[in-house]
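Subject: Handover of a structure and findings

Dear colleague,

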Amino acid sequence: MSGLAKAEIMRSGEAGHCGKDVRSDLQVALEARGEGGIEIGLESRVAAYYGENILAQARQALSDLGVRDAHVTIHDEGALPFVIAARIEAAVRRAGLGQGRRALPEAVPLPPPAARDRLRRSRLYLPGSEPKYFINAGLHAPDAVILDLEDSVHPAEKDAARILARNALRAVDFAGAERTVRINQLPMGLADLEEIIPEQPDMVLVPKTERAEQVMEVDRKIAELKRQHRISRPIWLMPILESALGIENAFIVAAATPNVAAITIGLEDYTADLGVVKTSEGAESLYARTRLVNAARAAGVTAIDSVYGDVADMDGLLRWGQKSRALGFEGMGCVHPLQIAVVHQAFAPTPAEIEKAQRIVAAFEEAQQRGLGVVSLGSKMIDPPVVQRAGKLVKRAKEMGVIQ
Amino acid sequence: MPWRQPERHRWYKGQQQTALAGDQRLTIDLMSTTATRVELARNAAGRLVPISVNGKDQRPYAGAVQDDPQGHKAAPAIRSCVQYPENGDKRVPDLETALRKCGLRNGMVISSHHHLRDGDRVAVMALETAGKLGARDLMWFPSASFPSQAAVVDLMEAGVVHHIEGSMNGPLGDYTTQGKMRGVGVLRSHGGRWQAVQDGEVHIDIAVIAAPTADPFGNADGSHGKSACGSLGFALADSMYADRVIVVTDSLVPFPCVPWQIPGNSVDFVVQVDSIGEPAKIVSGTTQITRSPDRLRIAEFVARFLRDAGIMRNGFSFQAGAGGIALAFVDYLRHMMKEDGVKARFVRGGSTRYLVEMLQEGLTDYILDGQTFDLDGVRSIAADPRHVATSPFTSYNFHGKGNFASMVDAVVLGATEVDVNFNANVVTHSDGRLLHGIGGWQNCLFAGCSILAVPSFRDRIPVIVDEVTTITGTGEMIDVVATERGIAINPRRRDLLDAVKGSRLPIRPIQDIQAEVEQICGGKPARPRRTERPVAIVKWVDGSVLDTVWQLA
């Protein structure tokens, strides 16, 4: 036996989670061997229903990853196939095997591409290491889901989370929600992109952005990967400004590339940077938030607010959202599915606003028909920006299902 | 050896007709040591069921409402005042004395109720005492069993308890489905238990009734005392039909115990003990609404369904249990009732804080309460005359001149599985292991609209299947299945389908939801591997046999 073969025998890797309180996940422990084929020990709470299925999937995944001889132990807590594939792949990679190979789960149809100015009232954060939250996320009808590889993922789990997020992009039906991924800060974020871009997310969130160059680097990497994987549909960017410097540079960040569709603020880090206490009224971040709205408008992108952290306080969330809309934001983040409906309520135009906008639009259309250059409503003359705004409000209200 | 109750009680044998569906009758030879031949018949639900269980003839299920009972109700022996103390003091020093005075013998049927739920100490205490007195081969006949009663496994191992007719869950369920119990378990609904006792299918030799309050005469009640549990309705049949009745209390009051739900006139002996149960496990401090967004979504769908289908209207009634989804449903419905200015005539408990608040807010005129789940419920039933304790006789008994269940407009229930024909299972896991008893579930299906509120899959296990492992209620009786992925209406209920036309609810064919879930879960689940040996039967509300629980492979 050569020295290299001997070293291979020692290769082992573990990935995933198991335990009484773990759901929809599994733990895979793999020990590569020099010979003897694949041997799998399976313990599963769904063994009676899917035991054979899991074993067959595991064998297929190992074969896809080029693993021929290994002892594998699987402790499954009712994980779905896309999770099983991801955990096996992570264990194999941690064992130093499977380079350049993937164990991809069955794909669901790709949803239609997202428009640059699509409705983005709510975006639901999903921790990248917790597959149980992925499965039904789309049912709660957020405008976007965020598979988070950054703050919610432990540094030791980054590699496994990006594989899991990739599989989720491929195999989970998010029911029309925009499929977005928050990558890590560069350079780690570039490795995230290599894994996820082939599965064509609709948008990438770039955390802790302070300079236009960061955005451009991400943009270049995405462009390169799109070429490599022959992807033609848009993949938008949403930089997150989380520091005083980021806020100062809001406009140049928003204008860094035409692929930026929106910018947002991370208040947790921003208030820490300022050295102030984050309050539920948000006075300490008012300047930053209004500055961001202005920069977004100037760059022609959407301004999106931070999250409201107290998931038990729905009244507070509603008030925050309504104020946020009044400042010019078009949406905010959600850390719990129950926040989604409240956020949608907060960002919906009021019946009075809709009615006024509809009257302005009608007056404009009438003026157009009559060939008049000036639009007027009653005795008031309506300026073109007002007409434009009214048109957008009516369009949005239709998208939100508030009016037919 | 097959289990036999003492000879004097075998008079009912032959009284029942063995109705067989066609000539589909077969015999299976078993290699088992406890039973060697089992004769089976295919019933109207298409299931193979034994035609004889624990030495008693059984009637295969013929349909949900194919029932024509004959004969007369059972009755306990006539007693005379001269046999009891004139001063009404029926106290004896301890349970041992009481059991001895009751004439405890091998093979007797000992009953208990489950109003103290997982906190109950009395049932195990009674069986263990009987064991100490040397009794063997007893049949335990609880109205339901709980995990804290796992000690009964040891009593079965020791030969004190022969088998259980009631619910078998947790360790008792595993013991049964592993084929270790000597007799065959019999699962009955709360109404079915009353029916079986009343019709003489089960004769209770000794009823041991845990009572949170009692007086020396035996008047007993559940709404007061340190172990207060609310209603004592499940013990009422036992008190009326058992040969001997022992009341066990940890809160003895001088005569009269007011109010009394169990009249002392039915009671033979009263035993005072330090504690009948662990209060924290008897009722929860507060019952909690689920925080799971998926389950809340199901609850909201159900509430909207009641509203959009026009069931939620002035004077209506509903019943929901104390599970997370059911509680959330009540909360959603309550808000919708307020919004629309609608008031219910009555709601059926299992009562909880949420129902009590509805009563206090004037959203319902009455709570008709079968069991009381939390402290708010207990306080309310003790203090508010509009919060009324019911019994399985008034609520559920199928062999009565009607019962409340069919007068309820809508009921919200759970299930472990439901199939594309709307048959549902609540007693076993999909893999065939006994999970819990039937409770009032079967009886509730007689409501105007029966709704199963279930997630479409748990972990990876689909809830909507081709064929349920164990039928507990047939598609004849189940109207709506509400999941987080949409609501399926039984095609049999054209009226409901029409009623929700134009609603924004996601109404979908059940096969659609099934297909979506199978796509998510990676295909159809494998069927459970079971032997051909029955370990328990599931009774329908009329006493016929609906399905069989088989020993696991």
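Two residues are taken to be in contact if their C-beta atoms, placed from the backbone, lie within 7 Å. The model is a predicted one, in which local features need pLDDT of at least 70 and side-chain atom pairs count only at pLDDT 80 or more, while totals for chains, interfaces and linings use all residues. Residues are numbered from 1 along each chain as its sequence is written, and chains are lettered from A and ligands numbered from 1 in the order in which they are written.

Chain A as a whole

Of the contacts in chain A with a separation of 6 or more, 71% are between residues 24 or more positions apart. The C-alpha trace of this chain spans about 95 × 45 × 45 Å along its principal axes. Chain A has 404 residues, of which 45% are buried (a residue is buried if 20 or more other C-beta atoms lie within 10 Å of its own, exposed if 12 or fewer, and partly exposed in between, with C-beta atoms placed from the backbone). Its secondary structure consists of 14 helices and 14 strands; helices (H or I, at least four residues) and strands (E, at least two) are DSSP runs, numbered from the N terminus.

Chain A is divided into domain 1 (3-94), domain 2 (122-347) and domain 3 (351-399), the bounds coming from an automatic or database domain assignment. Between the C-alpha centres of domain 2 of chain A and domain 3 of chain A the distance is 33 Å.

The two sheets of chain A

Strands are said to pair if DSSP finds at least two bridges between them. An open sheet of four strands in chain A has the order β1-β2-β4-β3, with mixed pairing. Its edges are β1 (12-16) and β3 (38-44) of chain A, each of which pairs on one side only. From one strand to the next the twist averages 10°; axes are lines fitted to C-alpha atoms, for helices over the stretch in contact, and angles run from 0 to 180 degrees between N-to-C directions.

Seven bridges link β3(A) in the parallel sense to strand β4 (residues 70-76) of chain A. A:Glu43 is placed opposite A:His75 in β4(A). Helix α2 (residues 47-64) of chain A packs on this sheet, where it touches β3 and β4 of chain A, and its direction makes about 150° with that of β3(A). Helix α3 (residues 81-94) of chain A also packs on the sheet, touching β1 and β2 (26-32) of chain A, and its direction makes about 150° with that of β1(A).

A further open sheet of chain A has eight strands in the order β11-β10-β9-β8-β7-β6-β5-β12, with parallel pairing. Here β11 (302-304) and β12 (332-334) of chain A are the edge strands, each pairing on one side only. Neighbouring strands of this sheet are turned by 25° against each other on average, direction ignored. Strand β10 (residues 262-265) of chain A runs parallel to β11(A) and is joined to it by three bridges. A:Ala262 has A:Thr302 in β11(A) as its bridge partner.

Chain B and its domains

For chain B the assignment gives domain 1 (7-11 + 20-71 + 532-552), domain 2 (81-165 + 202-279) and domain 3 (293-528). The centres of domain 1 of chain B and domain 3 of chain B, taken over C-alpha atoms, are separated by 29 Å. Contacts between these domains involve 14 residues of domain 1 of chain B and 15 residues of domain 3 of chain B. On the domain 1 side, the elements giving two or more residues are β29 (530-539) and β30 (545-552) of chain B. The most comes from β30(B), with five residues. That side divides into eleven nonpolar, no polar and three charged residues (Ala, Val, Leu, Ile, Met, Phe, Trp, Tyr, Cys and Pro count as nonpolar, Asp, Glu, Lys and Arg as charged, and the others, Gly among them, as polar).

A helix pair in chain B

Helix α10 (residues 353-360) and helix α11 (residues 375-383) of chain B pack at an angle of about 40°, their axes 7 Å apart. That angle makes α10(B) oblique to α11(B), as angles under 35 degrees count as roughly parallel, over 145 as roughly antiparallel, 65 to 115 as roughly perpendicular and the rest as oblique. B:Arg353, B:Val356 and B:Leu359 in α10(B) meet B:Asp376, B:Gly377 and B:Ser380 in α11(B). The residues of this contact comprise two nonpolar, two polar and two charged.

The interface between the chains

Chain B has 18 residues in contact with 18 residues of chain A. On the side of chain B, α8 (293-308) and α15 (510-521) each supply at least two residues. The most is given by α8(B), with four residues. The residues of chain B on this side divide into eight nonpolar, three polar and seven charged.

Yours sincerely
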